[in-house]
Amino acid sequence: MKLSYKDAGVDISEGNRAVELMKKSVASTYDENVLGEIGLFSGGYAIPGAKAMEEPVLLGATDGVGTKLLVAQMMDVHNTVGIDLVAMSVNDLICQGAKPLFFLDYVATGRVDAEKMQQIVEGVAEGCRQAGCALIGGETAEMPGLYEEDEYDLAGFAVGLTDKAKIIDGAKIQAGDVVIGLASTGLHSNGYSLARKLFFDHLGLDVDGEAEGLSTTVGEALLAPTKIYVKTVLKLVEQFGVKGISNITGGGLVENVPRILPEDLDCVVQADSWDKGELFRFIENTGAVEEAELYRSFNMGIGMVLIVSADEADAVLRCVREETDDIAYGIGEIQPGSGIVLL
């Protein structure tokens, strides 16, 4: 008997079928700058607008989805985590004012199921459409023995473009500036190890179950996709003198905002100045997690922070409310200090 790759657990034909199913979703993200088609050994992208910049700079960001994938696998819902994957990278790019150009994904699994892979990549494509960037390539790796048959992991990276002179790095932040928060859509893609322990182990809830205070099932609340802020933030960067931007991911407000603060300034946040949303109210009301841990592990309803001068704050808030689908709050101010966040 002769051995084949399929005997070892890798089905090349199913992988090829998955690629065929993905093609329409991938092509839906293409713009006039994409060079070539899916299936080539690398993805090509012409850099638009670079000639108009004094010193064009490419910025890159990479991330995964984390243990939120376990919730998706528990629910057998796979068409949203791709949005999370894109969001985690493009939301980082815009913190320095870069416009996302293109994205590449990597899917690792124990067994390729073409329909499941198509669902995952459709989520990635939807994230790219929301971010206005092209999905120009990716990789699906079938690795039996390293992953169980129904398990998979996701990673990806995005590349963006800005003018070097316009990079936002927080250097212009000063005392008296206003802190504006953009509402999150829930946990986004951070803190899921703690969330799973709280909901499934401590509270004994099930993904298909309901809980008082939640308008959806537990699983639906936990699986809500990460908000992609690209269009809103780039609009604000174009119209206003935004001084600093922070993506509120792992570490919450407490650890992410100081990354953009000068060492002699504090960000003073008023924790009662925004609507945290029903999921975070539910988590708070359980009393199972200390308040300090909540703000260090979760975004607590604020997915993105922007720092602007006091004389532009009202106009920024009005722009968000009237011209975008985001929700914005004035949540604090910058004061002399030592580069920490005070709640």
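Me: Where is Asp 76 found, between which two helices?
Reply: The model is predicted: local features need pLDDT of at least 70, side-chain atom pairs count only at pLDDT 80 or more, and totals for chains, interfaces and linings use all residues. Helices (H or I, at least four residues) and strands (E, at least two) are DSSP runs, numbered from the N terminus. Asp 76 sits in the loop between α2 (68-75) and α3 (81-93).

Me: Is Asp 76 buried or exposed?
Reply: Buried means under 20% relative accessible area, exposed over 50%, and partly exposed in between (1.4 Å probe, protein chains only). Asp 76 is not a glycine, yet has a positive phi of about 55°. Its relative accessibility is 56%, so Asp 76 counts as exposed.

Me: His 188 is not a glycine; what is its positive phi?
Reply: Residues are numbered from 1 along each chain as its sequence is written, and side-chain values use heavy atoms, with hydrogens and water left out. His 188 lies in the loop between β7 (178-183) and α5 (192-202). At 3% relative accessibility, this histidine counts as buried. His 188 has a positive phi of about 60°.

Me: How far apart are the C-alpha centres of domain 1 and domain 2?
Reply: The protein is divided into domain 1 (11-166) and domain 2 (177-336), with bounds from an automatic or database domain assignment. Their C-alpha centres are separated by 24 Å.

Me: How many residues does domain 2 bring to the contact with domain 1?
Reply: Contact means heavy atoms within 4.5 Å. Domain 1 brings 29 residues to it. From domain 2 the contact takes 27 residues.

Me: What elements give two or more residues to the lining of the largest pocket?
Reply: On a 1 Å grid over the protein atoms alone, a pocket is an open set of points where a 1.4 Å probe fits, with protein on both sides within 12 Å along at least five of seven lines; lining residues have an atom within 4 Å of a point. The largest pocket is lined by 34 residues, with Val 19, Gly 39, Gly 138, Glu 139 and Thr 140 nearest its centre. The elements giving two or more are α1 (12-27), β1 (34-35), β4 (99-109) and β5 (134-142).

Me: Leaving aside neighbours within four places in sequence, which residues are in contact with Gly 209?
Reply: Gly 209 belongs to the loop between α5 and α6 (218-223). It is partly exposed, with a relative accessible area of 22%. Beyond its neighbours within four places in sequence, Gly 209 is in contact with Thr 217 and Val 218.

Me: What C-alpha distance lies between Ala 315 and Val 107?
Reply: Ala 315 is part of helix α11 (residues 310-323). It is partly exposed, at 25% relative accessible area. Ala 315 and Val 107 are 208 residues apart in sequence, and their C-alpha atoms are separated in space by 42 Å.
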